[in-house]
Amino acid sequence: MADTKPKKIKIPRAKMPEQDPDIRKRNFEEVPLGLTPEMAVLEASRCLQCKTPLCVQGCPVSVKIPEFIKLIAESDFSGATKKLWETNALPAVCGRVCPQEDQCEGKCILGKKGAPVAIGYLEKFAADWERKNGKDEPPVVGESTGKRVAVIGSGPSGLTVAGDLLLKGHEVTIFEAFHKPGGVLVYGIPEFRLPKEIVASEVATLEKMGAKIECNTVIGASTTIDELFEEGFNAAYIGVGAGLPRFMNLPGENLIGIYSANEYLTRTNLMKGYLFPKYDTPIARGKNVVVLGAGNVAMDSARTAMRLGAKSVKVVYRRSRDEMPARAEELHHAEQESIEFVLLTNPTQFFGDENGRLTGMECLKMELGEPDASGRRRPVPVEGSEFRIDCDLVVVSVGSNANPLLTNSTPDIALNRWGNIVGDPDTGKTSKRGVWAGGDIVTGAATVILAMGAGRAAANSIHDYLTLGW
Amino acid sequence: MAKIVNRKEMAQGTIILNEIEAPRISRKAKPGQFVILQADETGERIPLTMADTNPDKGTITIIYMVVGKSTARFKELKIGDEFYALIGPLGKPTHIEKVGKVVCVGGGTGIAVLHPITRALKEAGNDVTTILGSRSYDLLIMEEQMRAASTQLHICTDDGSHGHHGFVTDVLKEVLEKNDIKLVVAIGPIPMMKFCSLITKEKNVKTYVSLNPIMVDGTGMCGCCRVTVGNKTKFACVDGPEFDGHAVDFDELAKRLASYLDDERESLDAFNKCKAL
């Protein structure tokens with residue numbers, strides 16, 4: 001293909017206009033400003049429209065990438081969004097938070113010699129255009145099957161299951177423990193990366209398609225899964241997330257000023273602590289902040305701390321730069337916003353004052369030794385290298401374990417030794433008849449799009465069950 | 001949903017009772033469990049242990065002291081108004097069994113939390129001595145309900161306006177001396193629970209306390225409510241709220257409860273100013 005249309009490669013990949021780092025690091029508005037229609041059409045024209053598109057193979061939910069891009073190239077932006085909706089209920093979310101460099105864009109043939117098509121930017125563009133200018137026509141759902149499905153958890157996997165099953169004509173009720181739907185999309189990912197208005201709009205689209213959403217309902221506490229079946233549901237999908245933060249079990253870890261990333265981000269995003277006292281939930285505004293861990297959640301925490309007025313924000317990580325698990329773009333954005341990376345460093349204890357408030361922490365320098373089970377070189381402490389970092393706020397972002405609240409109330413669902421639900425890797429089927437699971441509660445903490453991929457697989461399997469049998 | 005069907009002011013308007021429509025929660029709730037309430041979209045999520053449930057009516061009862069902005073806002077809600085959010089039942093229920101002679105000690109709004117536990121212990125066949133304390137007799141709540149739920153009842157007031165002139169710990173000591181007590185349940189202000197636990201530890205009598213740390217989600221997701229029990233970190237929302245009083249680090253809990261004192265003051269001042277306008 002490339003040989004027949006060589007001139008297309010010459011158009012440079014679109015550059016996303018962004019808020020200036022020095023300005024954006026003190027506000028909560030979205031960092032990327034979005035492509036203009038002209039930029040989007042030009043970028044879309046770079047797509048080679050491959051006969052066997054590799055990009056689609058790289059997408060966990062098999063978005064019809066060449067087709068939607070072709071519609072953008074033809075300036076049919078609404079058509080492009082409808083094409084996205086055929087396989088993805090959350091395009092405005094995915095266009096923002098997917099690691100495209102490892103997925104669709106990572107496979108794009110243009111990337112072999114130059115820069116891949118900016119598929120993520122185009123997805124975001126189409127979905128945003130439709131939200132602002134569209135005629136508010138939600139996807140058309142299939143003829144009613146009369147079957148009812150309970151979706152437990154309204155995060156990315158639950159919303160995907162809901163969207164897919166609605167399209168197939170099933171009735172869907174989504175149960176959410178918090179007062180707002182969206183799961184990690186509302187409590188976890190910050191406003192500046194994913195505006196909450198966008199999540200609300202994607203959820204509203206599902207509601208227009210017929211989804212019922214019951215917030216403030218903790219399945220496992222007020223109602224069990226068996227009771228849902230008694231109430232007439234024909235199948236259930238569990239997508240409750242990981243949801244039990246890990247701490248490091250270090251001396252002083254319960255001092256005031258030490259937060260789990262979950263708490264820090266929930267207070268800020270869901271409870272809108274950054275708007276205190278207009279909103280009632282307070283959030284500590286640290287001057288000297290340390291974030292422990294180096295994943296995407298750690299970057300979200302560090303950039304949030306900067307926006308809450310920190311003088312300095314350090315990311316302390318025990319391995320080296322190459323092993324930092326966050327997306328390259330997140331690391332880049334963080335560095336642009338004056339976040340400092342303190343690498344090969346591991347905390348050993350925290351210090352506080354007589355009121356139990358954090359004043360500092362002790363760290364050890366590390367060096368890289370032999371590779372460990374993960375294939376990464378194991379960090380080994382350098383003896384006698386202890387040093388102190390003064391800080392008044394620490395965010396612990398070293399991952400999550402499986403939350404047992406729902407699984408404890410459902411004893412007939414098989415768990416692995418970490419408490420995660422055992423789900424069939426291809427279908428998400430659990431050991432309990434009529435119950436599927438997917439996302440972080442099965443895999444442990446992962447990405448939005450992987451959870452959506454699991455939701456897609458489960459929705460197909462649930463549909464087979466409802467129409468053909470277990 | 002979450003509509004207030006009954007409301008009462010107690011202790012000269014400093015303590016409020018709300019009976020709230022919550023059919024699912026009322027059917028499932030057991031003594032010792034809590035709910036999380038939010039008055040409006042901008043509000044804070046407040047954990048409150050249930051004082052009673054009525055599965056037939058489909059209601060739960062909460063009793064809270066007005067201390068800050070959130071509870072001041074709760075106080076404004078009238079019969080017929082709805083809470084913006086209500087979830088539960090959360091936390092582990094109290095372990096109720098027949099052990100023989102039991103003492104229940106309550107102070108402040110802790111008495112409300114103690115009420116269903118006391119009743120359940122008595123219904124399980126225990127001989128229940130209840131000791132209630134308050135600063136002054138006119139601030140004491142639920143005397144009659146607690147009398148009905150107990151085998152015998154003692155009242156203590158700091159100012160001597162009724163019953164024993166002094167602290168609940170004085171009477172607790174006496175009861176422990178004279179009886180073969182198998183279990184003590186102490187629920188109230190942190191100093192009360194701390195000193196009750198110190199006394200019962202000397203006598204080696206098993207003691208439950210119910211903790212009220214700051215929470216956000218209440219389902220184990222955030223770790224805000226972590227408490228040190230037996231040198232281990234526990235989440236009060238999923239591992240508690242009830243713990244072995246002999247193992248709890250009460251001083252740490254008291255400090256953590258003061259995490260946001262300045263913010264809470266700012267929030268309450270703004271609220272009062274707003275109301276005055």
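Leaving aside neighbours within four places in sequence, Asn269(A) is in contact with Val186(A), Tyr187(A), Gly188(A), Ile189(A), Pro190(A) and Glu191(A) (contact: heavy atoms within 4.5 Å). The model is predicted: local features need pLDDT of at least 70, side-chain atom pairs count only at pLDDT 80 or more, and totals for chains, interfaces and linings use all residues. Residues are numbered from 1 along each chain as its sequence is written, chains are lettered from A and ligands numbered from 1 in the order in which they are written, and side-chain values use heavy atoms, without hydrogens and water.

Asn269(A) sits in helix 13 (residues 261-270) of chain A. Helices (H or I, at least four residues) and strands (E, at least two) are DSSP runs, numbered from the N terminus. Asn269(A) is buried, at a relative accessible area of 1% (buried: under 20%, 1.4 Å probe, protein chains only). Its side chain reaches the backbone oxygen of Gly188(A) at 2.8 Å.

Chain A also holds an open sheet of five strands, ordered 3-2-1-4-16, with parallel pairing. Two strands pair if DSSP finds at least two bridges between them. Strand 3 (212-214) and strand 16 (435-437) of chain A stand at the edges; each has a single partner strand, so one side of each lacks a neighbour in the sheet. The twist averages 20 degrees from one strand to the next.

Strand 1 (residues 148-152) and strand 4 (residues 235-238) of chain A pair in the parallel sense over four bridges. Ile152(A) stands opposite Ile238(A) in strand 4 of chain A. Helix 18 (residues 448-467) of chain A lies across strand 1, strand 4 and strand 16 of chain A. This helix runs at about 170 degrees to strand 4 of chain A (axes: lines fitted to C-alpha atoms, for helices over the stretch in contact; angles: 0 to 180 degrees between N-to-C directions).

Conventions. Buried < 20%, exposed > 50% of the residue type's maximum accessible area, 1.4 Å probe, protein only. Polar contact = N/O pair within 3.5 Å; in protein donor to acceptor, adjacent residues only side chain to side chain.
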